[in-house]
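I opened my notebook to look up a few things in this model. Here is what I wrote down, entry by entry.

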Amino acid sequence: MTRLAHQHQAVNLSQGFTDEPPPFRLIWGAVVAMLGGSDEGMRQIELAKAADPQLADAVVRDRLARLHGTYDEFNQYSYPFGLPDLRRAIASYANRWIGLEVDPETETTVVLGSTEGLASVFAALGHPGDGVVVFEPFHEMYPSQAEVFGLIPRMVTLRERKDGGGWWCDPDELRSAADGARMIVLNTPHNPTGMVFESAELELIAEVAQSRDLLVIADEIYEHIIFDGAQHRSIATSANMKDRTIILNSISKTANATGWRVGWVISPAKFTERIRAVHDTLVIQAPTPLQKATVSLLQMPDSYFAGLGPHFEDKRRILTDALSAVGFRITAPRGAYYLFADYRSVPVIGKLHPMDAAMHLIEHIGVAAVPGDNFYAKSDDGERYLRFAFCRSRATLALAADRLRRLGTVPQG
């Protein structure tokens with residue numbers, strides 16, 4: 001859909017990446033690492049920047065010149081499983097935000113984004129023929145990667161409440177899918193619905209996992225993007241769950257840095273060596289200077305992370321208002337940054353197949369979305385949804401909103 005958006009010069013609200021830059025501290029951390037990596041060098045550059053931007057340029061050039069013929073650490077290979085200071089920062093961050101005690105030496109692995117982290121977990125801990133419980137609608141990497149490694153996805157369908165009060169799953173359907181399985185993949189806050197799994201739902205999943213001896217792979221990448229009083233809670237903190245939970249996370253969404261590909265896996269120590277071995281074989285390591293910069297991100301003040309929800313909440317409003325005005329029905333997401341919008345009441349596209357509806361928006365309206373059936377394998381519920389990402393800049397969202405107002409005035413093509 002991103003390719004088609006470019007082809008038709010449409011506003012791209014399909015793929016989940018922003019058009020805004022990462023925080024300066026993260027970028028600056030990478031620059032400093034590439035220029036030698038010393039804290040003293042970083043202080044010199046920051047002081048020069050504060051005094052005079054031109055002076056800062058001179059200091060950067062001086063630091064670069066000093067690199068030639070000197071020992072360079074942060075542009076080279078590092079430990080495949082992650083820089084020690086980043087693993088320590090990840091452990092501290094996990095304790096700070098989800099209350100989990102993590103050993104950086106035996107329970108953390110730095111990976112090439114959470115997608116590669118999931119691949120390493122599947123390959124390390126699964127065996128061909130193992131069942132993997134996946135909630136649908138799903139991020140397509142869950143069933144696709146499972147099948148690559150010979151695992152068998154078992155779908156549990158989340159359903160939208162008719163009163164607009166959120167999403168839910170049938171406990172009996174979950175228990176049935178989990179019988180004889182090996183793993184459950186849990187994404188909360190959830191892409192694409194925006195569901196934030198609450199304590200009762202997490203306890204149900206924990207009970208099912210423990211009674212059937214399953215591992216839970218918890219994708220928590222949207223942990224700080226929450227709205228309307230929602231609270232993210234990691235299932236790893238439920239009673240007796242730390243030893244059977246593997247957490248996936250990365251800087252992609254928290255830092256507007258989807259292209260950096262720096263993530264991590266937090267796992268029980270008994271699984272870490274196997275996960276690291278697969279990771280090393282697949283990709284060797286995440287980029288060293290970007291790992292060094294990630295330390296700076298994870299140590300940013302609470303205010304940065306607490307501000308992510310309000311930042312995206314305003315964007316949610318812009319796109320929700322625009323879509324609702326032309327007939328989309330939307331259950332407000334409580335987390336992540338997508339609108340999973342029912343388009344059946346929208347003039348012109350309401351009776352079209354999801355792909356045809358998405359193509360109409362791209363070709364005639366100039367806005368790109370993802371067809372809802374892309375997120376389903378068992379249920380036909382997806383045939384009434386389109387997914388829109390509201391992570392773009394306010395200016396981009398305003399342009400999309402202006403184009404969406406034309407919906408219903410363009411003849412069906």
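**Entry 1: a helix over strands.** I began with helix α14, residues 354-365, which lies across β13 and β14. Its direction is at about 45 degrees to β14. I noted for myself that this is a predicted model.

Entry 2: In what order do the 3 strands of the open sheet come? I found β11-β14-β13, with antiparallel pairing. The edge strands are β11 (338-342) and β13 (370-371), and each of them pairs on one side only. A reminder from class: strands of a sheet pair through backbone hydrogen bonds, either parallel or antiparallel.

**Entry 3: one pairing in detail.** I followed β11 along strand β14, residues 385-389, and found 5 bridges between them in the antiparallel sense. Asp342 stands opposite Tyr385 in β14.

**Entry 4: the nonpolar cores.** Which residues touch the most other members of the largest nonpolar core? They are Ile251, Phe328, Ile349, Leu386 and Phe388, out of 72 residues in that core. Helix α5 (residues 84-98) gives the most to this core, with 7 residues. I also looked up a second, separate core of 30 residues, which includes Phe135, Val208, Ala218 and Phe375.

**Entry 5: who touches Ile251.** Leaving out residues up to four places away in sequence, I listed contacts of Ile251, among them Leu26, Trp260, Trp264 and Leu297.

**Entry 6: a serine in a helix.** Ser114 has its place in helix α6, residues 113-125. Is Ser114 buried or exposed? Ser114 counts as buried because its relative accessibility is 6%, and the cut-off for buried is under 20%. Beyond its neighbours within four places in sequence, Ser114 is in contact with Ile221, Leu248, Asn249, Ser250 and Arg261.

Definitions and conventions:
Residues are numbered from 1 along each chain as its sequence is written. This is a predicted model: local features need pLDDT of at least 70, side-chain atom pairs count only at pLDDT 80 or more; totals for chains, interfaces and linings use all residues. Side-chain values use heavy atoms; hydrogens and water are left out. Helices (H or I, at least four residues) and strands (E, at least two) are DSSP runs, numbered from the N terminus. Buried means under 20% relative accessible area, exposed over 50%, partly exposed in between (1.4 Å probe, protein chains only). Contact means heavy atoms within 4.5 Å. A nonpolar core is a set of buried Ala, Val, Leu, Ile, Met, Phe, Trp, Tyr and Cys residues joined through side-chain atoms within 4.5 Å. Two strands pair if DSSP finds at least two bridges between them. Axes are lines fitted to C-alpha atoms, for helices over the stretch in contact, and angles run from 0 to 180 degrees between N-to-C directions.
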